[in-house]
Amino acid sequence: MRQQVTSLEAHGFDSPTTESAFSSSSSISSSSSASDRRLKALARHFVDSSPVPVMDSHSQNPNDTVSPSPTSSAFHADSVFAHLVRAPEDPILGVTVAYNKDPSPIKLNLGVGAYRTEEGKPLVLNVVRQAEQQLVNDRSRVKEYLPIVGLAEYNKLSAKLILGADSPAIQENRVTTVQCLSGTGSLRVGGEFLARHYHQLTIYIPLPTWGNHPKIFTLAGLSVKTYRYYDPATRGLDFQGLLEDLGSAPSGAIVLLHACAHNPTGVDPTIQQWEQIRQLMRSKALLPFFDSAYQGFASGSLDADAQPVRMFVADGGECLVAQSYAKNMGLYGERVGALSIVCKSADVASRVESQLKLVIRPMYSSPPIHGASIVATILKDRNLYTEWTIELKAMADRIISMRQQLFDALRARGTPGDWSHIIKQIGMFTFTGLNSEQVAFMTREYHIYMTSDGRISMAGLSSRTVPHLADAIHAAVTSFA
């Protein structure tokens, strides 16, 4: 009853203690409008409705009553969603679900791409904490909506970070940048924009690629095809296959390129190979769409990791770039990203931005303010920026160290096979070459969790856990050749 009364009060009714609160002649005057009478009749209906006698956990009296819930079993059978089957877990996030259910004290999660310290703990960068403290201390800050395109200062600084502060495209105002919901949101907004306004609706993605890529672009309205990228025999780049597939792609097709630290393989083209890719794509008018999720996180250098993108921008051609600050600033849960589109002229860039707004507005209206403010605070302050680059290189160096330690441990055990790809690959992930049977064995016998394709997150390793992983790999390889 009290719940019903509270609901009525929320709609502007006086709090009734009995039905007379609504039916007494003093409460209904002859001048009451028809709408007043209808509202009071509705209120009387709530008060008069006969509840079902049910003993609840706090009741001592069988005459106490509660109203039936629309989610009770009586309503379940008639659910309009009763036909639904349970969806499978996400292949990457599902690894963590399984890991969390495992009570083993030696369990190890190498599935999700999130950085961990040597102690296996999540890391909040010191520079991020400093920036947040500055924001908290600024009493002039408010929580008003951002514009549809996001925080202007953040957008400007993000474009400079990926394209370079001296980029002619920026100086000539040929770049439009919009704040998006991390890398995923940036890719989705870019995909929907292209599906609406670009003449070629086919996008070529590398094989393999991040598992979310085909879903993002398919739902955005594009047709997804693949081009060869990884060679399982060498556990390196299938460069010839890549050139052949892009060479046979229709003129004007969109091509998704990982800017650096290819996910899931950790295999990147050399700068010389990137130049060949650029020449081929420009000769066929293929449209580059870069996914830059690991700038600075791969090599430890922000400029080195952005070089492939800058090569394509320097030739005066057009391209799209999706950025994420999840990895390189550790802002995973803040969902901070950006989409930049480099155009032929300032006028075209302005028109592109106007259309991007029409994509974003019905999707999420405008982006959140906090994460973007953290990034902007760091990028615009020389001291904070310098400290960030130091912390970023420390993260990258630790991952490189984990690669070397794992390689050394496997070599010391005499594990069959050539494991040099572990130290040749770059970035957060290593494509081990383990098959699904070997992966299942390692999970079952050693409580090590990873995706079934053998991808492991190097950031989840530590000096303490490398021997355990090396033992598991050795056992898996020798047991399942």
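## Helices, sheet and cores of a predicted model

Residues are numbered from 1 along each chain as its sequence is written, and side-chain values use heavy atoms, with hydrogens and water left out.

**Overall composition**

The protein chain contains 19 helices and 15 strands; helices (H or I, at least four residues) and strands (E, at least two) are DSSP runs, numbered from the N terminus. Of its 481 residues, 47% are buried. Contact means heavy atoms within 4.5 Å. Among contacts in the protein chain with a separation of 6 or more, 74% are between residues 24 or more positions apart.

The expected span of a helix is taken as 1.5 Å times one less than its number of residues. The two helices compare with that expectation as follows.

| Helix | Number of residues | Expected span | C-alpha end to end |
|---|---|---|---|
| α19 | 14 residues | 20 Å | 20 Å |

At the start of α16, a side-chain oxygen of D381 comes to within 2.9 Å of the backbone nitrogen of N383. After α16 comes G414, with a positive phi near 70°. R411 belongs to α16 and counts as exposed because its relative accessibility is 56%. The C-alpha atoms of R411 and A470 are 9.4 Å apart in space, although 59 residues separate the two in sequence. A470 is one of the buried residues of α19, which also include V466, H468, L469 and I473.

**Nonpolar cores**

A nonpolar core is a set of buried Ala, Val, Leu, Ile, Met, Phe, Trp, Tyr and Cys residues joined through side-chain atoms within 4.5 Å. The largest has 65 residues, of which W388, L406 and M442 touch the most other members. Two or more residues each come from α6 (126–137), α7 (152–163), β12 (336–342), α15 (370–380), α16, α18 (436–446) and α19 (466–479). The greatest contribution to this core is that of α16, with 10 residues. Neighbours within four places in sequence aside, W388 is in contact with L125, V127, L161, L302, N328, M329, I378 and L379. Another core lies apart from it and has 36 residues, including L163, F239, W274 and V321.

**The open sheet**

Seven strands form an open sheet with mixed pairing, in the order β4-β12-β11-β10-β9-β5-β6; two strands pair if DSSP finds at least two bridges between them. The edges are β4 (175–181) and β6 (223–228), each of which has a single partner strand, so one side of each is left without a neighbour in the sheet. Neighbouring strands are turned against each other by 25° on average, direction ignored.

β4 and β12 run antiparallel and are joined by 7 bridges, and C180 has G337 in β12 as its bridge partner. By contrast, β10 and β11 run parallel, with 4 bridges between them; F289 has L320 in β11 as its bridge partner. In β11, 6 of 6 residues are buried. C319, V321 and Q323 point one way from this strand, while L320, A322 and S324 point the other way. In a regular strand the side chains alternate between the two faces of the sheet.

Axes are lines fitted to C-alpha atoms, for helices over the stretch in contact, and angles run from 0 to 180 degrees between N-to-C directions. Helix α11 (residues 239–247) lies across β6 and β9 (254–258), at about 145° to β6. Helix α13 (residues 302–314) packs on the sheet, where it touches β9, β10 (287–292), β11 (319–324) and β12, and its direction makes about 155° with that of β10.

**Two loop residues**

Q295 is located in the loop between β10 and α13 and counts as buried because its relative accessibility is 2%. Residues up to four places away in sequence not counted, Q295 touches L161, I162, C260, L302, D305, A306, R310, Q323, N328 and L392. A165 lies in the loop between α7 and α8 (168–171) and is exposed, with a relative accessible area of 57%. With the same exclusion of residues up to four places away in sequence, A165 touches K160 and Q171.

Conventions
Predicted model: local features only at pLDDT ≥ 70, side-chain atom pairs only at ≥ 80, totals over all residues. Polar contact = N/O pair within 3.5 Å; in protein donor to acceptor, adjacent residues only side chain to side chain. Buried < 20%, exposed > 50% of the residue type's maximum accessible area, 1.4 Å probe, protein only.
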